[in-house]
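Dear colleague,

Please find below the structure that I am passing on to you. My notes on what was found follow directly after it.

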Amino acid sequence: MATPTPDTSQTSTPGAAPEPAPVWLRWLPGLAALRSYQAAWLPKDLAAGLVLTTMLVPVGIAYAEASGVPGVYGLYATIIPLLAYALFGPSRILVLGPDSALAAPILAVVLSVSDGDPMRAVAAAGLMAIVAGLFCIVMGLLRLGFITELLSKPIRYGYMNGIALTVLVSQLPKLFAVSIDDAGPLRELWQLGQAVFRGETNGYSLAVGAATLALILVLKRFERVPGILIAVILATLAVSLLHLDEQGVKVLGEIPQGLPSFALPWLSNADLVKIALGGCAVALIAFADTSVLSRTYAARTNSKVDPNQEMVGLGVANLAAGFFQGFPISSSASRTPVAEAAGARTQLTGVVGAVAVAGLLVAAPNLLRYLPSSALAAVVIAAAIGLFEFKDLRRIYRIQQWEFWLSMACFAGVAVFGAIPGICLAVVIAVIEFLWDGWRPHFAILGRVPNLRGYHDLKRYPQASLIDGLVLFRWDAPLFFANAELFQQRLMEAVDASPTPVRRVVVAAEPVTSVDVTSADMLRELSRSLAEKGVALHFAEMKDPVRDKLKRFELSEVFSSDRFHPTVGSAVDSYLESAAGHPGD
């Protein structure tokens, strides 16, 4: 619809079409949204922001602890990224911040390079956030936002289930108040079982954590009830009033007063390659989750989200987190629904939440002093439980078992080897899965079926009849280096198996969407081999872009224009006319 020419002589009226936005505003969706902001939205955004704050504080601290850094840095990783995303993010109500899905890969890197020093842990996590931010920004600018679509749903389920298990297991020692070595989920479970058997559990800590977890899970049924906030407040009051910290219950303690400051994270004598790989891994996880959640809420609000700008927005938010004492962040599948249920209309909700958290750090940091670590572990465990996907996997097992087992392989990779190796395994499996259909695709010999138009697969229609001297061969995949030899082999087998001497082969090429140099050279060799047998190679329904590639690969001299036919039917007619001119055949 054309945009009306603005009339500067009249005052704009509500509902009038806005003036075209300047080009530079495309990179700042937050400012662009202000052009259409309605005053009626302000009370809803303010109220939703205050409600959101009740989750941002306990969840931010909990996920910081789960990621291997002191709890206050979870609040730092909440404030600045929310402000950055409000400016650069395209989604209207998406909430970003520390996330349980990222806790395991962050923890794996932090523990391996920090040597138990909290400040080295903070620096390592900050470096990971910077790497993740730069990775996302570059990918967004290169318009590669589609790459996460290469991970199929079963594979995403597999690695998310693995991450959920890793996160859950990593929090159990805090729930039981025991200390174990970081050795992967399965080995950690074994160590935890041995510690519990030896009686090392702190009963008070376990009671507080278990009660917190139970209350969160019960209140989770009521969407408008801030269950996490209620459970954390009650746990904090119990520790404070009953002096449970004197009974060995670990608490958050005093947190620094004030706001996060700009700092350039750096580590000496650290494995920077591991940090870089970890940053790239969390970037892929974050964008995979963010893109799915963003599309979901865009559909609910009848809006569109540019996946490339989404990657840029996520990248800027991570970059801001890294430079302001935070760690890698992602979208939140738990806090975004809270914002939506509270009536959020725009990213102003996140801004209000960030300002409220900052106000808490400045004015009342001691409110969190008696927050028990076991309660924070319960918050993360509750979130990890929500990450598991079983129902849809049962459906996948029922309809496509091999994809179910791919999902299980990814799950096992994360559970046995840890988050980052497991995710790398998931990507490798995704690439193999992507190539497999093209590597060993379906093919068919076609024939004529009585009372059915067209030409059809002999395996599906055994009653189909062949045309003497003609082989109709269909290849249901692009032609490329991995399947070129198989194509040649299957076609020659079809020629040799023909009940009558073959004069012509017609490749029904409509499913062939591309060719490469290897497959083009194969076609050249195939044409020569067939010609030696007195067989001509023709094509039907080949797409123009594929024909253009054959010309570019210098195959025009091999395949003249009369070798190409617009339909399979016209190719058969051409053959029959040619055969009529050879009555002896």
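In which helix does S519 lie? S519 belongs to helix 19, which covers residues 517-532. Please bear in mind throughout that this is a predicted model.

**Surroundings of S519**

S519 counts as buried because its relative accessibility is 0%. Its side chain makes a polar contact of 2.8 Å with the side chain of D516. A polar atom of the S519 side chain also lies 3.2 Å from the backbone oxygen of L479. Leaving aside neighbours within four places in sequence, S519 is in contact with L479, F480 and A484.

**Aromatic pairs**

A search of the whole structure finds 16 aromatic pairs. One of them joins F262 and F323: the ring centres are 5.6 Å apart and the planes meet at 20°, so the pair is stacked. F262 is in the loop between helix 9 and helix 10, whereas F323 is in helix 11 (residues 307-323), so this pair ties together parts that are 61 residues apart in sequence. With a relative accessible area of 57%, F262 is exposed, whereas F323, at 22% relative accessibility, counts as partly exposed.

F262 also pairs with F324; here the centres are 5.7 Å apart and the planes stand at 75°, so the arrangement is edge-to-face. F324 lies in the loop between helix 11 and strand 2 (330-331), so the pair with F262, in the loop between helix 9 and helix 10, ties together parts that are 62 residues apart in sequence. F324 is partly exposed, with a relative accessible area of 26%.

Elsewhere, ring pairs link F443, F473, W475 and F487 into a cluster.

**The loop between helix 9 and helix 10**

G253 is found in the loop between helix 9 and helix 10, the latter spanning 272-300. At 17% relative accessibility, G253 counts as buried. Not counting residues up to four places away in sequence, G253 touches L368 and R369.

Which residues form a nonpolar patch on the surface? They are F222, V225, I230, I233, L234, L237, L241 and L242, with about 740 Å² of accessible area together. Among them, L241 lies in helix 9 (residues 227-242). L241 counts as exposed because its relative accessibility is 64%.

**Positive phi angles**

Most residues other than glycine have a negative phi. Two residues are listed here for their backbone angles. D115, although not a glycine, has a positive phi of about 55°. D115 is found in the loop between helix 4 (100-114) and helix 5 (118-141), and it is exposed, with a relative accessible area of 65%. A177, also a residue other than glycine, has a positive phi near 60°. A177 is found in the loop between helix 6 (153-176) and helix 7 (185-197), and at 32% relative accessibility it counts as partly exposed.

With kind regards

Notes:
Residues are numbered from 1 along each chain as its sequence is written. This is a predicted model: local features need pLDDT of at least 70, side-chain atom pairs count only at pLDDT 80 or more; totals for chains, interfaces and linings use all residues. Side-chain values use heavy atoms; hydrogens and water are left out. Patches are made of residues with over 30% relative accessible area and no salt bridge: like charges are joined within 9 Å, nonpolar side chains (Val, Leu, Ile, Met, Phe, Trp, Tyr) within 5 Å. Accessible areas come from the Shrake-Rupley method with a 1.4 Å probe; for residues, only the protein chains shown count as cover. A salt bridge is a side-chain nitrogen of Lys or Arg within 4 Å of a carboxyl oxygen of Asp or Glu. Helices (H or I, at least four residues) and strands (E, at least two) are DSSP runs, numbered from the N terminus. Buried means under 20% relative accessible area, exposed over 50%, partly exposed in between (1.4 Å probe, protein chains only). A polar contact is a pair of N or O atoms within 3.5 Å; within protein, one must be able to donate a hydrogen and the other to accept it, and residues adjacent in sequence count only if both atoms are side-chain atoms. Contact means heavy atoms within 4.5 Å. Rings of Phe, Tyr and Trp (its six-membered ring) pair if their centres lie within 6.5 Å; planes under 30 degrees apart count as stacked, over 60 as edge-to-face and the rest as tilted.
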